[in-house]
Amino acid sequence: MLKILTKIQNQKSIWCVLIMLASAAAAVVGGFLFQKLGFPETTIVLLFTLSVLLCAVFTKGTRYGLISVFLAALLFNYFFTRPYYTLMVSDPSDWIIFAIMMFTAWISSMLVSLVKQSALNAARQEEAVRTMYELACSLNKASRKEEILSIAKKTLDESLHTKVSFEKEDLSGAEQPESEACSDQNQNQKKNKGLSADSIQRQNPAENTSPNSKASVAQIPLLSKNTLLGTLYLPENILESESELQKEIMHGTLENTILALDRNLAMEKQMKSEEQARSEQFKSSLLRSISHDLRTPLAGIEGASYILSHSKSLSQNELEAARGICEEADWLQRMVENILSLTKVQEGKLEIKKEMIPADELLEAAASKAERIPGSQRVSYQLSDEVILIPCDPNLIVQMLLNLIANSIEHTSKNGHIRVSVEKENNQAIFRVVNDGTSIDSEDLPHLFETFYTKASHKADSKKGTGLGLSICKAIAQGHGGSIEARNLPDQKGVEFLFRIPLKQEEPSDSEMRTESEEKNDKSSSENRQG
Amino acid sequence: MTSPVQKTDRVEAKMAKEQKERILIVEDDPQIANFIKYLLRQEGFPYDLAAGLKEAKEAMAYRPADLILLDLGLPDGDGIDFLKEIRNWSEAPVIVISARDQDAQKVQALDLGADDYLTKPFSPAELMARIRVARRHLHKLNALNTKSTFEIKELKIDYARREVFLKGKLIHLSPLEYRLLALMAQNAGKVLTTRYLIDQLYGPAYGDDTQSLRQLMAGLRRKIEDSSIHPEYIKTETGVGYRLLDQ
């Protein structure tokens, strides 16, 4: 239907004239035939009306229909009204016949062309809807960006009857591997081919950036949430000559394409992050199994070197070497424990089994573990007057304290001093590890708790800086709903590490279980506060 | 730092030569087993080695040991089963050896009658200290502890009068604190799990209410210790329980 209608719409004027003349001629011939057969005059009038109708149906627009109305009237007058073969009218009733014939023919030809126009529009709408539907279907099946763009290109080529081209935007930027860049190049070449068919000279892809200089090419950016996904290039004259419907199709196509590209982008991102997560998991499980296997031999090394360092038959140098092995093995063990905790944190497996633990016990455990670190005699501990019960996993808090203490011992001189304290403030337990060592560079300060961050300036003394310990501290503090921070004390007086662990709101039943000493402590501490 | 340890080691070694307790090592890891063997040989202890549950049972049946070092993770079963079985007929002290992330098993073993525990990796000093504690316990068991007072360092408990003296001065304890300290003193040297202490002090209904016990313990320690961080008397065994040091 659409094909016939559009054919009619697009036929040349000469054809229309021929059709008009032919229908008129056919009416004249039919009229003579009817006359010979002795049919009444009215049948001839109907025949002419029919010829006008046919002319209106098979020619474009309303113009030829109207002309054929007059033509029919003239011919009827000339051939079939007395006096014959003149344009004279003798019988006044013939005038009435003319008028009625012309009106009938005129109205019907107008109606016909209206019907024709609306049928054409309906057919085009239908075609547009079908195009969009097919596009949406095929875009849904497409999985790659190139596929999406080629489908969109095909649709636009067909509906606009011209050649267009797309250029996809390289969204991943510099991270994109080389192969991608190559395919991009291919894309450009493809586009060149496509445009050269339109006899537009664009040899250099670099010119893409300034298509304004080429008046014949219009570019339409494909934008999604302010991200440029690609650009559509099409001959500019198309834009001007397009009908509303074609514009609608084009916009619909572009919208669908953008949606598809968007979805494609999101999918790629998701796949990438899934892959990343998988490789992260693989890495951390590898790290964990290695660390796990390191534990036992390390215990063996430590044990054997301990025995050696207490042997009576070794020289002083040998004893010192054995003690060195012992210390290093101990350091390695702490490192292995840290790695194990880190892998747990990274896998989101750091399960925190909270218990109410007095701060006393936490510092006690940290102090007794710290005793194995050379230089631990420089550490002093300070408890608050009040017993603070902290909801926490004691092993993790002790590991965090141990990391901070070991870190402070490493970064202070042999005469340096480290102070570890805990106090209650605003329903939080605040642990402080303060040393009087050198200040931390201001550029290092914000990165201190990042994984594997050591120092911007690699100094010779940072021999044991894995940057692991502090990132674990951060993970542990956050796991308890707390926070950790480091700051330099004013006047280069040292560095303070501070972490907060929130305390639960004390329930009334707890106070019943409190001992007298506790109450006394409370009293004394409240007195202190008042004083 | 290490010299006092050495001195006591030598004293113990002398003691060992006279007593010669037989020690059974139940351990499947050859490295750890070698390490323990070496230490025991140095200290002059006779020992048997079992690499699995079956071997351990055979060894105990053939020649009962006076003291057992028991690894919990064995290739042919759980060390805890072995512990349950021998507790039916043997009072030999059992020192459990476990990996660092086996707190729960450790506590279970202690509640089932193990006397002490060691966490891998452990130092020779730790192992020998545990063996010393276990041996003293063994001798005390034999001598039957019916004394009416308990004395260690500068802490003195008079059971009859329910009074506690620190450096000769009477200190005031709440009734619950006194019961806790007395309980610890009667098991001096041994690790008491939080669960055991709660059962004894509050009754089994309190179950997992560790908070009250910890609060009570913190209060008690502040009364008898100069510093809770470097305690002289009651030491925390993180994740397991408490131990009153008997030396």
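Predicted model: local features only at pLDDT ≥ 70, side-chain atom pairs only at ≥ 80, totals over all residues.
Residues are numbered from 1 along each chain as its sequence is written, and chains are lettered from A in the order in which they are written. Local features need pLDDT of at least 70, and side-chain atom pairs count only at pLDDT 80 or more, while totals for linings use all residues.

**Stop 1: two helices**

Select residues 13–37 of chain A, helix H2, and residues 41–58 of chain A, helix H3. Helices here are DSSP runs of H or I with at least four residues, and strands are E runs of at least two, numbered from the N terminus. The axes, lines fitted to C-alpha atoms over the stretch in contact, are 9 Å apart at about 165 degrees, on a scale from 0 to 180 degrees between N-to-C directions. H2(A) and H3(A) are therefore roughly antiparallel (an angle over 145 degrees).

**Stop 2: the largest cavity**

A cavity is a set of points on a 1 Å grid over the protein atoms alone where a 1.4 Å probe fits but cannot get out; lining residues have an atom within 4 Å of a point. The largest has a volume of about 90 Å³, volume being the space filled by probe spheres set on the points, which are joined across faces, edges and corners. Select A:Glu361, B:Arg214, B:Thr236, B:Thr238 and B:Gly239, the lining residues closest to its centre. Then colour H11(A), residues 359–370, which gives the most to the lining, three residues.

Note on methods:
Heavy atoms only, no water. 1 Å grid on protein atoms, 1.4 Å probe; cavity = no way out; pocket = protein on both sides within 12 Å on 5 of 7 lines; lining within 4 Å. Parallel < 35°, antiparallel > 145°, perpendicular 65-115°, else oblique.
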